[in-house]
Amino acid sequence: MRLTRLGMMKKNGKRTTMDHGTAKKTRSVKKVAKKTEAGLCTDQQQDVEEETTKMTYSIDSDSLECGICFLPFEDRVYMCKNGHAACGSCCVVMGRKCPSCNEPIGDIRCRPLEKVLAAMSAPCKFRASGCTETVGYTERRSHEASCPHAPCRCPFDGCTYLGLLLYNHILDEHATDAVVAMGSLRHRGITVTVHKSKPFHVVLHRGGTRVFLLLNGGDVLSGRSLSLVSVGPPPPANCELRYKIELAAVGPGQGELALSASGTVPCVRQLDVFEAKAFLFVPEAYWGSSGTVSVTVHI
Ligand SMILES: [Zn+2]
Ligand SMILES: [Zn+2]
Ligand SMILES: [Zn+2]
Ligand SMILES: [Zn+2]
């Protein structure tokens, strides 16, 4: 059996380049279960030699992206009867009408392209930081989002650190700007004095590895929005990072209530692409003349 595989490696810019037109034959041995006359599989296994032809081409990555959302195609690609292609989510968003010709789209799969995409693989783009995985084209986005080797950017203005050891970097370079919890962050929590003028406060747990930021969003009318984010890889699938932030009432007799919010901690690699979807609104009156509030964080 001959199998042709397109390899792809990304270089700077959008265009992907490889040793143009080279083809390399490799031999691989695959074990397949031997079928009985009744069509059932037996425990006997037979070695079957396969010859794999690996071909490398130069390809413009635009042609592997959905023309509507400009994201790389994932495993399913659809096309209208005139052959215009779109990803599944765009078919839904466009009301199952092709934006180029108005014909219905979303029923016919573009299988030849799906087949090519399924055969393409490339090393993870975080290879330089230690990832050794070869990732299929259609899994690339989800792998890169959760790759434990993806570097994180330091959130402090003017600092250029980008790496895997952000926790250590913060302790080495920005210790005076970090609040470090000594006890259990979950049960005892830690109290942070939030300054109105500071866009975030770093919260660390002594002996931990995660960097948490208590964000102070200034984009809400007559108050501030507080939220929590972790700069780092997402936690393993079976474990959830939960948080709770609490704000004590300002003082008796003033009519203000204690405020609190809880949820799942979002994880990002860099702060500038993050937009909080949930936050605790702290009205102007809570900030007092000092421009600070005292917030207890549990994670
Ligand atoms: Zn799309
Ligand atoms: Zn069309
Ligand atoms: Zn990776
Ligand atoms: Zn830094």
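Select His169 first. Leaving aside neighbours within four places in sequence, His169 is in contact (heavy atoms within 4.5 Å) with Cys154, Cys159, Tyr161 and His174. The side chains of His169 and His174 are joined by a polar contact of 3.1 Å; such a contact is a pair of N or O atoms within 3.5 Å, one able to donate a hydrogen and the other to accept it. His169 sits in helix 4 (residues 166-173), helices being DSSP runs (H or I) of at least four residues and strands (E) of at least two. Its relative accessibility is 10%, so His169 counts as buried (under 20% relative accessible area, 1.4 Å probe, protein chains only).

This is a predicted model, where local features need pLDDT of at least 70 and side-chain atom pairs count only at 80 or more. Residues are numbered from 1 along each chain, ligands from 1 in the order written, and side-chain values use heavy atoms.

Next, select the zinc ion (ligand 1). Its protein donors, lying 2.3 Å away, are the SG atoms of Cys66, Cys69, Cys87 and Cys90; donors are N, O and S atoms within 2.8 Å of the metal (3.2 Å for Na, K and Ca). Their angles run from 104 to 115 degrees, which makes the arrangement tetrahedral (four donors, all angles between 85 and 135 degrees). Cys66 is in the loop between strand 5 (59-60) and strand 6 (77-79) and Cys87 in strand 7 (residues 85-87), so the pair ties together parts 21 residues apart in sequence. Cys66 and Cys87 are both buried.

Finish at Ile299. Among its contacts beyond four places in sequence are Leu185, Phe212 and Tyr243.

Definitions and conventions. Four donors count as tetrahedral if all angles lie between 85 and 135 degrees; four count as square planar and six as octahedral if opposite donors are over 155 degrees apart and all others between 65 and 115; anything else is irregular. Buried means under 20% relative accessible area, exposed over 50%, partly exposed in between (1.4 Å probe, protein chains only).
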